[in-house]
Amino acid sequence: MGLDASVRCNCWERGLTRPTPLASRIVIDEEGYPALKDDDDPDFGMFWEWLQTCCVHPGMKQAHEHLANWHGYREFLQALHQAGDAERFPTLFDNLPVANGGLAPAAVASRMLAELSDFEQSARFGQRFVLLDSTSGDELRSASASHQFVLTSELRLGVDAEGFFVVSGDADVLFRSKRFTQALLAPEGSDPVRSGPALLTDLDSGRSFRCALAMPGPDIAWPDGRMQNDAGQCRSSYPTAVHFEMRDHTSADFNYIVEPLRILCSAAIETGNPIRWS
C-alpha cells in the first residue's frame, strides 16, 4: 500500500489508438482519462482490455510511477518541512496529496521540478535509524524516528535509536538487538503473506527469542514471476542476519520519490495533462 501516480498520453486525441466498436460510448472523465459514459455499461470488461493495449502506452499512461509507501511518503513531507516548509516549496505543498486521489495540473509541473531541484540542494536532516541485511549490505528498513513496521494485535516489530525491537501489544519489550540472526521455524511459503515463527538470536548477548513473526526483507517474485498473486498479495524475502546502524539523513535518501516525481512532471509538461495521484 502507498502512493502511485500517472499522466495520461495524448494518443486518443491524436488518433493513434487502436479502433474499438465502443468508440461512441467513450468519454474523457473529470480526471482526464477515458471512461465509458455509463458506469454500468455491460461491456466494461471489453473496454478495460482495449485500454491496456490500445496504444504504445499501457493503460494510456505516458508515465506511471510508484512513489512510496505511506511511511516513506510522510518521511519525504517531513524533510520538505525541515528544509524550508511552504515558503520554500509552495508548489509542492499545494499539489502533493494528503491521501490517494486528486490531480496536480500540468501548469504547475515546471515549478514542481524547480522545487525538487532546490530540495536536492538541501543539506542534512539529522540522522536515521537503519536496519541492514548483514549478508548483502542492503537496507531493509530506515526511519528518522521510532517506527513500527510489522504489526498485529499481539506483536509489533520496529526500529528506533536503540536498534531493532519486538514489543507485545501491551508495549512490553520482548526482544531488542543491534545485531541478530534469524532462522525461520516453518517451511517458507507456509503462510503466503507473512512467514513465522522465527528464532531471533542477539549476537552480542547470545539471547534467543522465538518470534511469531519473521523480520521481512524486500519483496520477491512469486514462482510464476509476478510480484503479486491473484489475490493481490506480495511475497517477502527473509534475511538470515541483520544489523543496525545510525547514518546521516540527506536529500539523497529521498531519490526513491524525487526521481519518480521528476518523471511525472516531465510527462505532464510534454502532454499538457495533469498528474493523477492514486
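I started at Val167 and looked up its partner in strand S11: the bridge partner is Val173. Strand S10 (residues 163–168) and S11 pair in the antiparallel sense, over 4 bridges. For my own bookkeeping, two strands pair if DSSP finds at least two bridges between them. Helices (H or I, at least four residues) and strands (E, at least two) are DSSP runs, numbered from the N terminus.

Before going on, a note on the source: this is a predicted model, where local features need pLDDT of at least 70 and side-chain atom pairs count only at pLDDT 80 or more, while totals for chains, interfaces and linings use all residues. Residues are numbered from 1 along each chain as its sequence is written, and side-chain values use heavy atoms, with hydrogens and water left out.

**Sheets**

I then checked which sheet holds S10 and S11. They belong to an open sheet of 4 strands in the order S8-S9-S10-S11, with antiparallel pairing. Strand S8 (147–151) and strand S11 (173–177) are its edge strands, each pairing on one side only. I get an average twist of 20° from one strand to the next. Axes here are lines fitted to C-alpha atoms, for helices over the stretch in contact, and angles run from 0 to 180 degrees between N-to-C directions.

I found another open sheet of 4 strands, in the order S4-S1-S18-S5, and its pairing is antiparallel. Strand S4 (61–69) and strand S5 (103–104) stand at the edges with a single partner strand each, so one side of each has no neighbour in the sheet. Strand S1 (residues 2–8) is joined to S4 by 7 bridges, and the two run antiparallel. Within that pair, Asp4 has His66 in S4 as its bridge partner.

Next I followed strand S17 (residues 241–250). Strand S6 (residues 124–133) runs antiparallel to S17, joined by 8 bridges, and Gln127 stands opposite Asp248 in S17. Strand S12 (residues 179–184) also runs antiparallel to S17, with 3 bridges; there Arg179 stands opposite His243. S12 has 5 bridges to strand S13 (residues 198–202), again antiparallel. Thr181 has Thr201 in S13 as its bridge partner.

**Helix H6**

What does H6 lie across? I see H6 across S1, S4 and strand S18 (275–277), running at about 155° to S4.

I looked up H5 against H6 next. The axes of helix H5 (residues 109–120) and helix H6 (residues 255–271) come within 9 Å and cross at roughly 155°. That makes H5 roughly antiparallel to H6. The crossing is left-handed, meaning the near helix is turned anticlockwise from the far one by less than a right angle (right-handed if clockwise). Among the residues making the contact are Met112, Leu113 and Leu116 of H5 and Val258, Leu261 and Cys265 of H6. Contact means heavy atoms within 4.5 Å. By class I count 10 nonpolar, 4 polar and 3 charged residues in the contact of H5 with H6. The classes are Ala, Val, Leu, Ile, Met, Phe, Trp, Tyr, Cys and Pro as nonpolar, Asp, Glu, Lys and Arg as charged, and the others, Gly among them, as polar.

How do H2 and H6 pack? Helix H2 (residues 70–83) and H6 pack at an angle of about 85°, with their axes 10 Å apart, and are therefore roughly perpendicular to each other. I traced the contact to Gly72, Tyr73, Glu75 and Phe76 of H2 and Tyr256, Ile257, Val258 and Leu261 of H6. The contact of H2 with H6 has 6 nonpolar, 1 polar and 1 charged residues.

Last entry: where is Ser144? Ser144 is in the loop between strand S7 (139–143) and S8. The C-alpha atoms of Ser144 and Gly126 are separated by 7.9 Å, the residues being 18 apart along the chain. Leaving aside neighbours within four places in sequence, I find Ser144 in contact with Glu75, Gln78, Gln127, Arg128, Phe129 and His249.

Methods:
Angles under 35 degrees count as roughly parallel, over 145 as roughly antiparallel, 65 to 115 as roughly perpendicular and the rest as oblique.
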